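Hi everyone, thanks for making time. Let me put the structure up, and then we can walk through it together.

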Amino acid sequence: MYFNFKSFVIRSVEARRNSYAIARWKEFMQSQSFLSKCLLIFVIIKDASKLELSYIPSKILCREEEINKIKLYLKAGKVLISGSVGTGKTMLARYIGGDAYVNCYVNKTEHRVLEDILKQLKPRFNPAGLPTQKLWNEIEEGKTIILDEIDGMHADELRHFAYTLSRQYEFGRKIKYIAITRNHFILKQIINDDATWSTFAGKSIVELKPYTWEQIKEILFYRAEESLYPNTYDDDSISFIAEITLNSPGHMRTGIELLRQSAMIAESKGHEKIEIEDIREANREEWMSDIESLDDDETILLLAVATACKNKAYVSVEDIKETLQIKQEEYGMKIENFDRTFQSLLQQGFVYEGNRGYTILDCPTSILIEEIEKKLRR
Ligand SMILES: Nc1ncnc2c1ncn2[C@@H]1O[C@H](COP(=O)(O)OP(=O)(O)OP(=O)(O)O)[C@@H](O)[C@H]1O
Ligand SMILES: [Mg+2]
């Protein structure tokens, strides 16, 4: 029988919600060779480029007030954006826009920062061997420059750079700038001169607070909507990624990274949508050997938690106790003190208490269960 492969793929993906189509799709996938499956797995990610860290979304959520402030200060010539890792500093600066963008952590000296700026403003200009002052003179009036991670410059270079930049106005040349730092208090200490600080930043500071769990969810939903096919993510998966994001040192940076990796893992496993186990896999930490250090009570309780969480994002204490009962019978064990043992697992970070209950965050439960069962059988 003749079978139109391409049209089947398109029709099946579009009709994902149709259970008949899904059943047919599964049947069809089972009958395909490995090569055919490889061609068929791209059904979760619609546009991977929209999950790259450098991508500037067309809509910025949860930062309306900050955007207005940045624009207002910039009108007057300068703004300093301050906020911890992954709070959206770089994204906001690029969204507002500038004529040149330079990362000062990479270009640690005044000369190199100016060279980088001029490379963008005047591609034909050759700054090699020219003194710093000459480079300053080449920057045209009215240009806006973005100075990311400005505290990454060598301290003495930064002091001189900040001083010269802020004094350009006095020399009658208006160079606008958006400077970015993770901590404006530390930056002030590095500059260590009240007069320079007041002209360089003064009161034009916009602080970005870390996002709340609800805000992270809102942002992730929007980013997923832009980059993934509909019905490949849901409230459970996005809430779970938001939970990890909220507690990670990389904050929103981790959130976007996790969304991308979970989607890739789900696709590679042939899942129709991102599953909680895919997110756990994407967030996987190498702590399996730590299981060996758990005592018998902790081991059986962790097995119960992992089993209860197998197909769910979160579980309640009641769910855990119920599963524990079954596991204790299975292995002929009885734990002495539930509360104490449970607290110990929480404190050691094996089990996590989240917004919606208890869960395992950083290891697929299927792998964890297998490892614990191996230990218990020994
Ligand atoms: N409000 C938002 N809406 C949409 N995406 C966001 C938002 N805030 C942050 N992001 C995304 O989160 C990621 C991290 O943001 P960004 O790189 O701007 O953080 P940062 O504060 O510059 O971090 P770092 O201090 O590590 O440089 C980016 O992919 C960015 O697009
Ligand atoms: Mg940044």
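Predicted model: local features only at pLDDT ≥ 70, side-chain atom pairs only at ≥ 80, totals over all residues.

Residues are numbered from 1 along each chain as its sequence is written, while chains are lettered from A and ligands numbered from 1 in the order in which they are written.

On confidence, pLDDT is the predictor's score for each residue, from 0 to 100. The protein chain has a mean of 89, with 89% of its residues at 70 or more. Over residues 1–25, though, pLDDT stays under 50.

The chain has 18 helices and seven strands; these are DSSP runs, with helices (H or I) of at least four residues and strands (E) of at least two, numbered from the N terminus. Of its 378 residues, 35% are buried, meaning that 20 or more other C-beta atoms, placed from the backbone, lie within 10 Å of the residue's own; 12 or fewer is exposed, and in between is partly exposed.

Now, which residues are closest to ligand 1? They are Gly88, Lys89, Thr90, Met91 and Met252, out of 20 that surround it, where near means a C-beta atom, placed from the backbone, within 6 Å. Helices H5 (89–96), H11 (213–227) and H13 (252–268) each give two or more residues to this shell.

H11 and H13 turn up again in the largest nonpolar core, which has 51 residues. A nonpolar core is a set of buried Ala, Val, Leu, Ile, Met, Phe, Trp, Tyr and Cys residues joined through C-beta atoms within 7 Å. The largest share of this core, eight residues, comes from H15 (296–308). Ile360 is one of the residues with the most contacts inside the core. Leaving aside neighbours within four places in sequence, its contacts (C-beta atoms, placed from the backbone, within 7 Å) include Val305, Ala306 and Leu368. Apart from this core lies another, of 36 residues, Leu92 and Val206 among them.

Last stop: Leu61, in the loop between helix H3 (34–40) and helix H4 (64–75). Is Leu61 buried or partly exposed? Leu61 counts as partly exposed because it has 15 C-beta neighbours inside 10 Å. Beyond four places in sequence, Leu61 contacts Glu218, Ile219 and Tyr222.

Key:
Contact = placed C-beta atoms within 7 Å.
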